[in-house]
Amino acid sequence: MNAPMGLRERKKQRTRETISDTAITLFLEHGFDQVSVVDIAAVAEVSKPTLFKYFPTKEDLVVHRFADHQTVASSVVAERPPGVSAIDALHQHFLDGLAARDPITGLNDDKDVLAFHHLVYSTPSLVARVSKYLAQAEEALAETLADALDSDREITAALLAGQVIATERILASVNWQRIVAGRSADEVHPEAVTDADHAYALLRHGLAGVAPQQ
């Protein structure tokens, strides 16, 4: 069980959230490239050095939300119950995320979440930064899988980790695109579950179970 945060840690967390929330609000109102770090610091009422202490780059003001998820997959594998395979644990975790409408699964139709996703995926520098975090998530998962898999080949964990992270990214993108097209999260949910089940079946069994095109 995690120990409760002390007063100093809580103040730091509030400052971090204030800076990030201020930045995202300004970016949504004016555009990422039109807002400077100086603008954000002024509105958040912090100094520029303080801002950079919490967020090393302008892009981190937005995509730290992805960074907060970069060890989730590895934690799911490391903390899975006895007798549950790594793939089964990751599969169930993604299904739980869909049921909870976790934005990371793409299955969320809240207007603020949709606006945030549009900001990220319409800004090249943010897309590049997200890719960096996904690569770090893949590396963390590969390290955990190396301990979890009964294999003497290091490449096995790396290949599977890459496939898992890519699979979840694609599933989230498809869900998001369906919602952007005007459908509700509740309407898309059954298809999202079917897609996730199919995707994880591929991860378990590969393409051998897919019938070839005639």
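Arg101 is found in the loop between helix 6 (86-99) and helix 7 (111-121), where helices are DSSP runs of H or I with at least four residues, numbered from the N terminus. The phi of Arg101 is near 60°, a positive value in a residue other than glycine. The model is predicted: local features need pLDDT of at least 70, side-chain atom pairs count only at pLDDT 80 or more, and totals for chains, interfaces and linings use all residues. Residues are numbered from 1 along each chain as its sequence is written, and side-chain values use heavy atoms, with hydrogens and water left out.

Glu45 also has a phi near 60°, again positive in a residue other than glycine. Most residues other than glycine have a negative phi. Glu45 sits in the loop between helix 2 (37-44) and helix 3 (48-54). Its relative accessibility is 72%, so Glu45 counts as exposed; exposed means over 50% relative accessible area, buried under 20%, and partly exposed in between, with a 1.4 Å probe and protein chains only.

**Helix packing**

Two packed helices are described by the angle between their axes and the distance between the axes. Axes are lines fitted to C-alpha atoms, for helices over the stretch in contact, and angles run from 0 to 180 degrees between N-to-C directions.

| Helix pair | Axes come within | Crossing angle |
|---|---|---|
| helix 1 (residues 7-30) and helix 2 | 9 Å | roughly 125° |
| helix 8 (residues 124-148) and helix 9 (residues 154-180) | 8 Å | roughly 135° |

The angle makes helix 1 oblique to helix 2. Helix 8 and helix 9 are likewise oblique to each other. Angles under 35 degrees count as roughly parallel, over 145 as roughly antiparallel, 65 to 115 as roughly perpendicular and the rest as oblique. The crossing of helix 1 and helix 2 is right-handed, and so is that of helix 8 and helix 9; right-handed means that the near helix is turned clockwise from the far one by less than a right angle, left-handed anticlockwise.

Contact here means heavy atoms within 4.5 Å. Helix 8 and helix 9 cross right-handed, and the residues making their contact include Leu134, Ala137 and Leu141 of helix 8 and Ala158, Ala161 and Ile165 of helix 9.

**Aromatic rings**

The structure holds 3 aromatic pairs. Rings of Phe, Tyr and Trp (its six-membered ring) pair if their centres lie within 6.5 Å; planes under 30 degrees apart count as stacked, over 60 as edge-to-face and the rest as tilted. Phe27 and Phe32 form a tilted pair, 4.7 Å centre to centre with 50° between the planes. Both Phe27 and Phe32 are buried. The rings of Phe66 and Phe116 have centres 6.4 Å apart and planes at 20°, so this pair is stacked. Phe66 lies in helix 4 (residues 60-67) and Phe116 in helix 7, so the pair ties together parts that are 50 residues apart in sequence. Phe66 is buried at 12% relative accessibility, and Phe116 is buried at 7%.

Lys58 lies over the face of Phe32, at 4.4 Å from the ring centre; the criterion is NZ of Lys or CZ of Arg within 6 Å of the ring centre and within 35 degrees of the ring normal.

**His69**

His69 is in the loop between helix 4 and helix 5 (72-78) and is partly exposed at 32% relative accessibility. Not counting residues up to four places away in sequence, His69 touches Asp102 and Ile104. The C-alpha atoms of His69 and Tyr133, 64 residues apart along the chain, are separated by 8.8 Å.

Notes: Helix = DSSP H or I, 4+ residues; strand = E, 2+ residues; numbered from the N terminus.
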